[in-house]
Amino acid sequence: MVHRKNQPRRDSGRMTAQDWIDAALTAIGEGGLTAVAVEPLAKRLGTTKGSFYWHFPNRDALIEAALSHWEEANTEHVIAAVEPEPDPQRRLRSLFKAVPAAATTGDPIEVTLLTSISHPQVAAVLRRVTERRIAFVTQIFTDLGFPADEAHRRGVLVYTAHLGQIQLIHAVPQALPSDIDGQRRYLDTLLRTLTSKG
């Protein structure tokens, strides 16, 4: 699951905290953390700054809430969707299908966050997300029968492939196969390479 672009709700002056979080995530995707400013967000939502201060004490609190929401939607929800699959090979395939599908919906937040790693709040969330994702994939390789050290190395390799693929999707999408058959062959090759014990 990924963040959906915020649609201002101008039919009501009562904004929820989630409305502000969605607007902040949209702003991050469009212009990075510097785009998260109370006045422009209030204008986008068709409300006043007073609505913001009803829900959040300051800008940092909004950024923290937005990053936590992104973390939950783009890590925990994805893991929860594929984790029930008992077969580790199919679980890994499902994961690779789920992540690019999420990335192609036009959500540029992950790429934007990677360029803001010097920001303490971003650094903290990216560290948690990276550790959680690598641990999840490492467990898949453990379930496939790899020793712990090798499972971890392959978990890191999968995450490296993920970051590269996300970057390609946003920067040079034509570098990846666009037709269904080409995507299937690409995924087959990727999984064969990653799971080979030879």
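N74 lies in helix 4 of this predicted model, and at 12% relative accessibility N74 counts as buried, because the cut-off for that class is under 20%. The C-alpha atoms of N74 and E110 are separated by 9.1 Å, although the two residues stand 36 residues apart along the chain.

Helix 4 also packs against helix 7, with the two axes 10 Å apart and an angle of about 10° between them. Helix 4 and helix 7 are therefore roughly parallel to each other. On the side of helix 4, the contact is made by D60, I63, E64, L67, W70, E71, N74, T75, E76, I79 and V82, while helix 7 contributes Q121, V122, V125, L126, R128, V129, R132, R133 and F136. Sorted by class, the residues of this contact comprise 10 nonpolar, three polar and seven charged ones.

What angle do helix 8 and helix 9 form where they pack? Helix 8, which spans residues 148–171, and helix 9, which spans residues 180–195, meet at about 155°, and their axes are 10 Å apart. These two helices are roughly antiparallel to each other, because angles over 145 degrees are counted in that way. The crossing of helix 8 and helix 9 is right-handed. In this pair, R154, L157, V158 and Q165 of helix 8 meet Y186, T193, L194 and T195 of helix 9, and by class the contact holds four nonpolar, three polar and one charged residues.

A further pair is formed by helix 1 and helix 2, whose axes come within 10 Å and cross at roughly 110°. That makes helix 1 roughly perpendicular to helix 2. Helix 1 passes helix 2 in a right-handed crossing, and the residues that meet there are D19, W20, A23, A24, T26, A27 and E30 from helix 1 and V38, L41, A42, R44 and L45 from helix 2. By class, eight nonpolar, one polar and three charged residues make up the contact of helix 1 with helix 2.

| Helix pair | Angle between axes |
|---|---|
| Helix 4 and helix 7 | about 10° |
| Helix 8 and helix 9 | about 155° |
| Helix 1 and helix 2 | roughly 110° |

In soluble globular proteins, nonpolar side chains tend to be buried together. The largest nonpolar core of this model has 29 residues, and those with the most contacts inside it are W20, V36, L41, L62, W70 and L113. At least two residues of this core are supplied by each of helix 1 (17–31), helix 2 (38–45), helix 4 (59–82), helix 6 (109–114) and helix 7 (120–143). Helix 1 gives the most to this core, with seven residues. Apart from this core lies another one, of 18 residues, among them F136, V137, V158 and L194.

Which residues is V36 in contact with, leaving aside its neighbours within four places in sequence? With those neighbours set aside, V36 is in contact with A24, A27, I28, L41, R59, L62 and I63.

G50 is located in helix 3, which covers residues 49–55, and with a relative accessibility of 45% G50 counts as partly exposed. The C-alpha atoms of G50 and V38 are separated by 9.7 Å, the two residues being 12 residues apart along the chain.

Methods:
Residues numbered from 1 in each chain as written. Predicted model: local features only at pLDDT ≥ 70, side-chain atom pairs only at ≥ 80, totals over all residues. Heavy atoms only, no water. Core = buried A, V, L, I, M, F, W, Y, C linked by side-chain atoms within 4.5 Å. Buried < 20%, exposed > 50% of the residue type's maximum accessible area, 1.4 Å probe, protein only. Helix = DSSP H or I, 4+ residues; strand = E, 2+ residues; numbered from the N terminus. Contact = heavy atoms within 4.5 Å. Axes fitted to C-alpha atoms, helices over the stretch in contact; angles between N-to-C directions. Parallel < 35°, antiparallel > 145°, perpendicular 65-115°, else oblique. Left-handed = near helix turned anticlockwise from the far one by under 90°. Nonpolar A, V, L, I, M, F, W, Y, C, P; charged D, E, K, R; others polar.
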